[in-house]
Amino acid sequence: MEMDLNAAMIDGLRVTLPLRHSATWREGRPEPRSVQGQHGAIAWLTSRNVVADIGHELAIQVNPSKFLQGHNLFGPSNLMSVFPKAIFSVLDKAGIDVPAALAQEILDGQVRLKSVSVNFNLRLPNDFVVSRYLSAAAGAISLRGARSRVSVEREVSPTIYIGKGSRTLTICLYNKGVEFGRNANLSLLLSEDYPRLLDFSRGLLRFEVTFHERKLHQKNLCFPAAWDQMTGFHLLREQADRLVMPTNLSLPIEADDRVPTTVRRTYHLWLSGFDVRNGMSESTFYKHRKELLPQGIDISKTPQLVERFEFKSISQLVDEKCLVFPPSWARGTYLYFE
């Protein structure tokens, strides 16, 4: 069970601190400001209750895993282990002093949470299978016992939201491998760790839930001190079990019928191992690549051959040991905060 718990990750939080500080104004309103953590990860600070350029409350929004590690492929599962470090790091980089009494409340986990995001990754054969999985789920997924609206954003790979904009909780499923490859900032791209992280990200299906203040209150989890290493995983599993997902579907590894016949022919040649880049003009190669990228297929890379993947729910994938854990090579380095 302990391994299962370590698969969960604290991936975002919002708090408001009763902290007197100098406020920055723009066009008559307090201006949010940002500070940078590892590899340029951003945390946001916004002044509240401002009187005469002095803020008496400070709202902080930070992804503690990304801020401390420089990435959020994997990270700490225990909120109490990461909360003080993340908050103190943000305040230190912002040059804001913390009174002793408030510092002790932060250390003790006695600061009220506005929201917390937790997630885990599931390993599928490759990024293309993840995209096909999400496409199949998008038309039939729902949340048992709720009227939450399902919305889908389609870019390179579908992202599914359930309850987006809700005041209680929001569920998100997306292709972490594609997202990581597209959104890594320059500092991380240039680091010697990036190739290993990129390789680790391949085939990751991300299941993420954001719990807002109302839901945290219902579960008596408003303060970090109420969390332990078990909490994040159990919260995720509870929501995964509520998902109603399609059954008896198979996901053939096939290019979408909507793409032109010539592009599908290029796809099949690529899948068979043929060097399509040298078999056509450069302009045609990049045109076909652009057509296939929205399906999670990148013909500039070596294909991973998979004939068929049977569709399973998130809970079934967890039960079948598809959970992804922090790699051993990251332990003891800045890449994994423990």
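Predicted model: local features only at pLDDT ≥ 70, side-chain atom pairs only at ≥ 80, totals over all residues.

Trainee: Then why is valine 130 called buried?

Mentor: Valine 130 has a relative accessible area of 0%, and the cut-off is under 20%, so valine 130 counts as buried. Valine 130 sits in helix H5, which covers residues 127-138.

Trainee: What does valine 130 contact, leaving aside neighbours within four places in sequence?

Mentor: Leu124, Asn175, Gly203, Leu204 and Leu205. There's also a C-alpha separation of 9.4 Å between valine 130 and arginine 206, 76 residues apart along the chain.

Trainee: And what makes threonine 266 buried?

Mentor: Same test: its value is 4%, and buried means under 20%, so threonine 266 gets the label. You'll find threonine 266 in helix H11, residues 261-271. Not counting residues up to four places away in sequence, threonine 266 touches Val276, Met280, His288 and Ile299.

Trainee: Why are cysteine 172 and cysteine 322 called buried?

Mentor: Cysteine 172 has 9% relative accessible area and cysteine 322 has 14%. The limit is under 20%, so cysteine 172 is buried, and so is cysteine 322.

Trainee: How many disulfides are there?

Mentor: The count is 0.

Technical notes
Residues numbered from 1 in each chain as written. Heavy atoms only, no water. Disulfide = S-S within 2.5 Å. Buried < 20%, exposed > 50% of the residue type's maximum accessible area, 1.4 Å probe, protein only. Helix = DSSP H or I, 4+ residues; strand = E, 2+ residues; numbered from the N terminus. Contact = heavy atoms within 4.5 Å.
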